Each structure stands twice: as structure tokens, then as C-alpha cells.
Amino acid sequence: MNAVVVDGLTHRFGEVTALDDVSFEVAESEIFGLIGPDGAGKTTLMRLLAGLLTPNGGQIELGGVDVLADPEAAKQKLGYLSQVFSLYGDLTIGENLDFVVEMFQEDRAVAAEAKQRLLEMTDLARFVDRQAGRLSGGMKQKLGLSCALIHRPQVLLLDEPTTGVDPLSRRDFWRLLADLPGQGVTIVLSSPYMDEAARCDRLALIDHGRLLATGTADELAARVKGTMLEVVSRDLPAVSAALAGAAELLGETTFGDALHVRWDGPDAEAAVLARLQAAGVAVQEVIEIEAGLEDAFVELVSTGGAS
Amino acid sequence: MRRIRAVARKEWLHIIRDPRSLIAALTLPVVLLVLYGYAVNLDLNELEWAVCDQDQSATSRALIANMSGLERFTFVGAIDDPEDTEQLFRLGTARGVVVLPAGLERDVFAGRTVPVQVLIDGSEGTIASLAQSYLEGAVNAFGAQISRDQARRRGLAGALGGQAIEARTRIYYNPDLISRKFLVPGLIAIVLMMLAALLTSGVVVRERERGTFELLAASPIAPSDLIIGKLLPYILLGLVDVVIAVVIGWVLFDVPVVGSPLALIVVSAIFVLTASAIGLFFSCVTSTQQAAMLLALASTVIPTMLLSGFAYPVRNMPLFLQGVAQVLPATHYIALLRGIILRGAGLMHMWPNVAALVAIGLLWPTVAIRRFRKAL
Amino acid sequence: MSQPALVVTDLVRKFGDFTAVDHVSLEVQPGEVFGFLGPNGCGKSTTIKMICGLLAPTAGRIVVDGLDVATQAEAIRARLGYVAQFFNLYDTLTVRENLLFFGGVYGVPAGELEQRVDHWIDRLDLGGVAGQRAGQISVGLQRSLALAAAVLHEPVMLLLDEPTSGVDPVARRAFFEVIAELAASGAAVLVTTHVMDEAERCHRLSLMNRGRLVTEGTPTEIRALAGGSIWQVEVAPAGRALTLAESRADLSAVALFGTKLQYRVAEENGTGAPEAVAEWLREQGITTGPPKPVRPTIEHVFLQVLRDAPEEQP
């Protein structure tokens, strides 16, 4: 059974169509990532799923419950972590957790056990009496996650959970998420980070309120045309100039000391190297690299998902 | 119930963890009432008074001599015509004028009670009220003394209770003289109204501003549970303010609670609930704390000050404003407070006010709950 | 060689007992994009604020374009462009009004102001929102606006404090293209970040942790610091495979990417080690595919460097 079914979801803010006929399904115990540019409609979609907004059209089903028909029953089944820190800064970690337990009217004995387990899992047990406002960004997110999980939801909604959190804390956070599918929790999350997208089982690319593509990270990356090459050189502008105008050149991106070139032709590595040598440009390295999700993202967004 | 309790507990934690607003909530009634206390507690150290002696008799001269000898009474002179009184008041020469009518001595000896007019400059309310009571007191005391003398001379014990001369006061400029006793209950109501509405005006909109609203909205809590839970701690806080205000009224203004303290607490709880719900209502319909605060203040304090009968009697207002006054919770609360604190009246005797207060007290939380939207 | 755009020598900043910046020295040349990489609270922003003259150093020297910050702060400000971590332009002014205002504040000649504002509105794709209030445009566009406001006066040194946090990849690419252009035209750029693909776009990088600079080099040099080799293998069930891999002391950087398990094998374990790990997983009842090598990223090195750092403070 699918944990989340979204069908024909449309939402407008006045004249602006924030989401346009979006449909997808998320299987039970799956980690599903919503990836899209700023303003693509990710947060609107998350809020619709969480029952915080009422759509102009379409259907949402969470854990078998029709969200539009019975939003309060659906809320009981879901945990939601919003993009902004939405816990009480002047309440302690323990008080925040207790408050959520009461909101969801969990059995107190069961909740106490869940609280203890979450505090240990997130390593927050030592700080249980500390006010939430005095925690670091990473710890706030862990507390937010704990609050979203304490009533043992079937579906966990995470809206950009690691934006602004440093890599170390992000890694810890993902380690916590990794255990949840094993416990039957389905996760839907949004993220602007491509390396994070790669950690999801399946992804949906969203742009301008429309779903461009869904699939695994590999499936999406495979949609990138051509071969990705990394050219390392001390004189990147010369490399760029030498390659300019080639019919095979699909695109290039400048990195600090390297140029990523997307080349549509046989023997790409040799062809590019030959062209650079012919132009007398000294390069340290030309190697084939795997097209990343970011490349797929950029391509799909620029072609509107038509490829 | 669990959710109401949890919300109430959480709000209570917010209150006690924010020392600034807690201190403000507890000291503001003290500050406001004490400030007012000093303002009205100006002692009248010197009462300048004049006389218009139209009798020019031994008795009238005796009265003038008697009063001039009193402590704090400064005799500034005599006028011939009562019409000159305004001139004296305008120049500030005298605060009161005693008019002794022609035929005073004759009527006193004939055993009639003679009315003596006391004219008061009412432009400064509190001073005027003191001047009035001083002058009336002095005139009446003299009148009583004459009666006793006459009784003794005639050997008639029955005339003991008589009053040969009685002061009849007319106040210039401010006919409804404000008295402290009259003011204190109104002051308590205004301070409570302001504080309760102010404190709750932030509680929903603040959650929206800080983002914690998303957590609430994503939880299955019912709007009524949330609103009621949020109101409870503020009612408690408001009742603490009631106690503070009443104690200050007692100690500083010498206005003890004559009636039942329980009745006082009950009506205060209903009033604080209403005022808090009004604040909460504005918190539900605005998007910034400043806007909610301003609206709450403007819509509670101003009408309460002007229309609730705090200082200006409702019966003197145009009919339309009298109607408005009836829907203000403070109108009924002030009436009830005056009844309980000053007169010791029971709630049964003031049931129309009680009923009106309860009705308004049920209305506002309902409005707040209905206007609360669990959406972003 | 021209004089460095920025020379920081032995910079120290203490807040009470806490040393936020601990003897930091660095140099940024004109035309260079220098990345400052580190976790939250490592001292990156404090360092930037001292370079801007917004915060006085406890000790050390900062020289911008040959001028000492301690004595010539005002002269330096005219040579600096600063994009703060949090949006700090006027919400209620339009995009264009903000730019005209900041251009004026920084003394852009009146005759050129309009033209420069138009140029940057065009270059940073702000044309569509030029008449909208800054508070109402998207985060990505606010970032672009902040950048435009910081470069109107053609600064020698551009300081960017986490300029693209919360910005999507497409906008981030465009943003860094503009930064690369600014550098190519001779400006020095110092950018703090904890986003790895931003780090990849810098000419030189410095890793900062707990107030100290840990290592420095080009992105390629930094990547080369990764010890051992990193492998990736398809696993099922993924959760159990992750727990198993974590239980092995000889594996590090264990992480799950969807159904792919990543792990690092130390060099001394030999060339057969990656396959041996997969074999061991199979013995434990995990279905696996063949291990494939993964190119180390800056993030791998970053996490490796920080791994030994004491535990996170609340």
C-alpha cells in the first residue's frame, strides 16, 4: 500500500499558481525527496500534505486517510518538521516534547518510553532541561525531528530539514533518518541540496509548481545527455575559449580550478583533449565523471522536463 | 481536557520565563494605582474662603469668627453680592464662598433650619471635593452648636437632634464631583482591562511570527482547546492583579471591601476572561504583534475610559452611547465592583449586571474561537 | 605581482573566555575566489566581521589593499563589498530603490549610478522584480539583490558570508558565475560557506574549525587529502546493512545514499578490502552488488578533518 498518494493537486495564491496538477505516490517505508528551485512550490506542497493549507483542487491521501475530508485524523498520522524552527525557544527540550505528546493525546506511559528512546537516539538526553532557544542549529533540528516523531507517525514530512545546518550536523541528522524506514516510517522531505537528494530512495523534481520527473537518483542522472568531463587547468578561460563553438558542447560549468564540460559525441575524453591540444592549451587532467543530480536538475529545469 | 491543560501549562511557562512581561503585569497595576493615589491624595493645606454676609447679625459674625479660627481655613474677605463669587473663583482668590442669607439670625431664633449656601470652585475636582467637605463640615458644626445652645437654654432635650443651620452646596463648573471612593472601582476595571487585553494580544500572533504556529497547526488540536488553554493562565494572572489592585485601593485610598470577597473574585474572573478574550481575538485576526497590541489597547482602554461610567455617568450620555456602554464589559464590572466594594451589595441584588457580564464573557471567547484559523 | 587584496596576520578574537578566532593568518590575491569552509560557529563570520571593521580584533592585523583596518577603517569600507549572512536590505524599498540608495551611500558618482544599477539588475536577472519591494521577492533573488548592492561601487575586496544558504542549485550556479566574473575582472573574493558545491567553485580553500585554520589548498589539493579509498555498493535491506557496516571498526565515513552504502577503506587494508566488505555483508544476509569506487569530495575530507574534533557543544 502507498503511504502517500497525491493526485492532481493544484494550489493557487491569488493569481499565482503555486502547484499545478501534481500527482505522485510514495510507497511505505520509502524516503522520498522533493527537489526544486527556490519558489518551485516545495513548501506549499509540504504544507498541503500537512493539512496547513487547503488546495484548490486534487486529492491527498496519507496512510489511507483522505487529508481533505478528515484533516484532523490525517494529522494524527503524520509528523511535520517545518522549514522554520517551530518549537518553543523558552521551553526546555523535555517540555517541548511533553507538549507535543499532550497535543497528540498519546498514552503517557508509551510516550515516556518514546521520549527516552528519542532523547538517547538524538544524544539530547544530556540537555533535556536546556531551553530549546539555546541549542545549536543542528541540535534544534534533532529536537524538531524528535517532536515530529514522538507520536509515532506513519508519515514524516520534513521541509528543508537541513538548510543552514553544517555538514557534520547534516550527517548526524541523516543517520537518524536512516533508521526510520526500518520502523515502518515513510519520509517525504524537500531539499535544495543535491548531495542530500542522493540519499533519498526516490525523487521528484519540481519547478514552477509542476512535477518535471520522478525516479531514483540514478534514473534521473541517466537522463542527462552526453558525457560529463572534468578539465583541470591553470587557465580555465583558455579552455573555455578553445571549446567554444564546438557542436558537441552541450554546456560547461566553472568550478574553482576545474571546468565541467558536457560533451555529446563519441570518445569524449580523447576528443576534448585533442581539441585543447590543437588550441595549445595546457591542461593537467581531463577525466570522465558521472553526471550528478545537479546536472540532471539543471538540464530538466532548463528543458522543462521534456527530455 | 488534556490538550487544554497542556496549552495552559505551556502558556504559563511562557509567562514565567519572560520576566519582563511578568514584572510588567504585576507592577503595572501598582504603578498606575499608586500614581493615581498620589495625584488624588493632594492634601488641602490651605482653604481660601470668602463670605457674603447678607444678614450682618451677631450670629452671622459669630459663624464667620468661628470658621476663621479653624485650622487650614484662611479667610480672604467678604463680598457684598453673591454674583461676585465667579470673579473670586476666576482670580483664584478663593476656593469656596459661604453665603449667609438675610434673616439668618431671626430664623435661627425662631427655631427654623436655615439653609446656608456654600459655593465651590469645582474646576479642580479633588481640591473641590475637599473644600466642599471642609466648608460644609464647618457650617454644619456651627449650626449643630447653635441648636445645642438653644436646647440647653430652653431646657428642651427633644431639640437635640435639630439643625439650626444647614449647608446647601452648589458646585461651579463640575457638577458631578468625582470622589475617590467612586473612582477606585473604575480604576481597577480600567487597569485590568488594559493589562489583560494587552497580555493576550500577543499570544497567537506571536506564534505565527515565531513559526511555532506551524507545529500547532500540524497537530490535531481543536481551536477551542487552544483558545481556552491560552486564556486560563492569563485569567489567573489577571486575578492576581485584581488582588493587588484591591489591596492598593484599600491601603492607599482607604476603600475597603465591604462586601463578599468571593463575589469580588467571581465577577473579576468573568471580567478578566472577557478582557483576555478580546486581546486574544485581536491576536487571531492580525499578522503582527504590534498591530494586535495597538488594536487591543485602542479598542479596550478608550471606550472603557469614556463610556463605562468610570468617570462620566452613563445616564448623562446620549442614548446611542448608553447602548454602547451596555455592551462594554467594564460598565457592568464597575457597577458590580462599586456594589461589592463600596456598598457591600450581594450579587443577587445586582443580577442584571451579573447577567450582562456573563453574556459578554461568553460571547468574546466564542468569537475568538470562531475567528481562529488553523491554517497558515 | 600586485599587492595582495587582503592580508590577515595572527588574527585573534575572544568573547570572554571563549576564543572565537584563534591566530588566523591568510592572504587573498586580486582575481582570486577564496573559500572559507567550516561548520556553524567555527569563527568564519567573526573573521569576516573583523575584516569589515564591524568588530574589533583582540589581537592581530588586517590589511586590505595596503590599508590597515585598525587605522583606516573608513577608507577601507569604500573598497569593500559585504554580503551578510542574513538579508539586511530595506524590505519596504523596491529592488531598484535599494540599489540606488546603497549606490549613493557608497559614493557611486551620480552620473554613473543609474547606469550601474541597470547593469546589475540586468546581470543578476533582477529585471522582473526591479519594481517590487525587496521584502516580497524570493530568497534567491534577495541574495542576488544583496550581491548587486555590494558590488555597485566596484570594490577591491568582496566579502560574502554564506551568500547562497537556502538557494537552489540553478540560482547558485548563476550566482557563482557572477562571482567568477567579478574575480576575473580583478576583484578578490572571500566567501564563507558550509555548502560543498560552493567550496568546489573556489580557487583556494581554507578549512576552519573551532577558530583555527586546519588546512588550505586548491579544491583538487584538498580532495587529494582524503585518505584511503571510498566505495559504494548496492545493498538490501539498506537499514540493516548500514548498522552492520557501522559496527566495523575498520570502516569509516559509512553512510547510506538511498539503497547505496558508502564506506571508506584505509589504505593499509589492501586492495582486496572493498570486495571483502561486500562479501562479509553477504555472509550477514545482505544482498549486495559489486563495490564501485567513489571519487572523494571535499565533504569527505571536511568530515574526516572534523571527525576527531571534540563533540558538538549545545
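**Chain contacts and local geometry in a predicted three-chain model**

The structure is a predicted model, in which local features need pLDDT of at least 70 and side-chain atom pairs count only at pLDDT 80 or more, while totals for chains, interfaces and linings use all residues. Residues are numbered from 1 along each chain as its sequence is written, chains are lettered from A and ligands numbered from 1 in the order in which they are written, and side-chain values use heavy atoms, with hydrogens and water left out.

Let us begin with the interface of chains A and C. Here 47 residues of chain A are in contact with 43 residues of chain C. The two chains bury about 3,700 Å² between them, and carbon and sulfur atoms give 51% of that area; buried area is the accessible area (1.4 Å probe) that two parts lose on being put together, summed over both. On the chain A side, A:Asp38, A:Pro167 and A:Arg199 lose the most area to chain C, together 15% of what that side buries. Three salt bridges are counted between chain A and chain C, where a salt bridge is a side-chain nitrogen of Lys or Arg within 4 Å of a carboxyl oxygen of Asp or Glu. A:Asp218 forms a salt bridge with C:Lys260, with 2.9 Å between the closest N and O atoms.

The interface of chains A and B comes next. Contacts link 28 residues of chain A with 24 residues of chain B. The buried area is about 2,500 Å², and 56% of it comes from carbon and sulfur atoms. In chain A, the residues that lose the most area to chain B are A:Leu52, A:Tyr88 and A:Met103, which together make up 25% of what that side buries. The salt-bridge count between chain A and chain B is three; A:Glu102 and B:Arg2 meet through their side chains in a salt bridge at 2.9 Å, N to O. Chain B and chain C, by contrast, are joined by no contact, and their closest C-alpha atoms lie 15 Å apart.

Chain C can also be taken on its own. Chain C has 11 helices and 15 strands, taken as DSSP runs numbered from the N terminus (helices H or I, at least four residues; strands E, at least two). The C-alpha trace of chain C spans about 75 × 45 × 40 Å along its principal axes. Of its 314 residues, 52% count as buried, meaning under 20% relative accessible area, with exposed over 50% and partly exposed in between (1.4 Å probe, protein chains only). Among contacts in chain C between residues at least 6 apart in sequence, 68% join residues at least 24 apart.

Most residues other than glycine have a negative phi, and most peptide bonds are trans. C:Ala236 and C:Pro237 are joined by a cis peptide bond, with omega about -5°, and C:Pro237 sits in the loop between strand 11 (229-236) and helix 9 (238-246) of chain C. A:Asp123 has a positive phi, near 65°; this residue lies in the loop between helix 4 (108-121) and helix 5 (137-149) of chain A and is partly exposed, with a relative accessible area of 44%. C:His23 also has a positive phi, near 50°, and is found in strand 2 (residues 18-28) of chain C.

Key: Contact = heavy atoms within 4.5 Å.
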